[in-house]
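Please read these notes alongside the model.

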Amino acid sequence: MVGRDLEQVAERTLGDGRIRIGVVAPASRMSPEVPDKVTALADRLYGARAPEIVFHPQCLASSGHFAGDDQTRAAAFIEVANDPAFDVLWCARGGYGANRIAENVLPALTHAAKAKVYLGYSDFGFLLAPLFGAGIGTCVHGPVAQEIQRDGGEVAIARVLSWLVDRDLGALEPSLAAEPKAVAFNITVLSQMLGTPFQPDLTGRVLMLEEVSEAMYRIDRSLFHITSNSEIRKVAGIRLGRCNLIPENDPDFGLDAEAVARVWCERSGIPWLGRADIGHDVENKLVPFG
């Protein structure tokens with residue numbers, strides 16, 4: 001699938017009823033084994049109904065830390081987003097770098113971009129936020145294609161496909177049944193966005209947050225920053241997802257992630273709503289932005 005001419009996809013009709021997913025890497029490079037693994041799983045699960053998944057060649061590009069330079073990554077995103085042959089733009093991998101292209105991507109999107117699902121999480125939040133703020137497409141916080149490389153990663157990919165193909169409600173974060181107006185972000189990513197043009201209006205929405213590989217004092221500092229923002233204080237409440245792989249602190253910080261979140265909710269007046277079933281792991285549930 002990697003290297004398939006995207007013009008050939010655009011020329012195909014949509015008469016077969018299958019959805020078409022374009023995969024791009026706005027940040028870090030995807031592992032080369034991913035396309036075959038993801039495509040094989042989709043074929044095994046859905047047979048003739050399997051979505052057509054096209055991995056843009058840019059996913060395997062390399063420029064230092066990134067999957068190609070900023071111009072290359074932005075161009076791939078714009079190409080897939082503006083192509084009416086695709087129903088979904090799926091993030092290949094997180095890492096770091098989506099913020100470096102967001103300012104060039106948004107003004108270049110056309111009417112076709114408004115009809116798509118944009119799916120990913122973590123660093124991809126730097127694109128989900130401005131897309132959501134601009135009313136472009138359906139933004140969804142959920143597993144990336146690279147997840148297939150994790151132990152048990154097929155479970156995460158199957159969850160994504162079940163929602164994209166069948167809109168399976170079982171793939172969604174459970175609290176959405178009662179609280180459908182919700183969004184989800186990585187703690188560090190959202191904290192870094194505040195005060196920039198990409199800060200979204202989250203008034204009246206449940207804010208779900210998750211983190212990975214950050215020390216507790218950094219999580220504490222970021223939650224202070226988030227909950228101190230006057231616009232964030234307009235959310236309906238905060239739910240905390242999993243904070244995984246937290247490095248040891250010397251001396252011990254003394255509070256875990258939930259205790260820290262509760263402290264900042266209490267001090268800011270933002271309602272504490274409990275936990276969320278999201279995180280950097282194979283159990284990460286989908287959160288369509290409501």
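1. Terms first. Two strands count as paired if DSSP finds at least two bridges between them. Helices (H or I, at least four residues) and strands (E, at least two) are DSSP runs, numbered from the N terminus. This is a predicted model, in which local features need pLDDT of at least 70, side-chain atom pairs count only at pLDDT 80 or more, and totals for chains, interfaces and linings use all residues. Residues are numbered from 1 along each chain as its sequence is written, and side-chain values use heavy atoms, with hydrogens and water left out.

2. The pair β4 and β5. These strands run parallel and are joined by 4 bridges. Tyr118 has Cys139 of β5 as its bridge partner. From β4 the chain passes through helix α5 (residues 125–133) to reach β5, a right-handed β-α-β crossover. Right-handed means that, with the strands pointing away from the viewer, the path from the first strand over the helix to the second runs clockwise.

3. The whole sheet. The sheet is open and has 6 strands, in the order β2-β1-β3-β4-β5-β10, with mixed pairing.

4. Strand β5 (residues 138–141) and β10 run antiparallel, with 2 bridges between them. His141 stands opposite Val287, and Val140 has Pro288 as its bridge partner.

5. Helices on the sheet. Helix α6 (residues 153–166) lies across β1, β2, β3, β4, β5 and β10. Its direction is at about 165° to β4. Contact here means heavy atoms within 4.5 Å. Axes are lines fitted to C-alpha atoms, for helices over the stretch in contact, and angles run from 0 to 180 degrees between N-to-C directions.

6. Helix α9 (residues 257–268). Its 12 residues should span 16 Å at 1.5 Å a residue, and the end C-alpha atoms are 17 Å apart, which agrees. The expected span is 1.5 Å times one less than the number of residues. Gly269 follows α9 and has a positive phi, near 85°.
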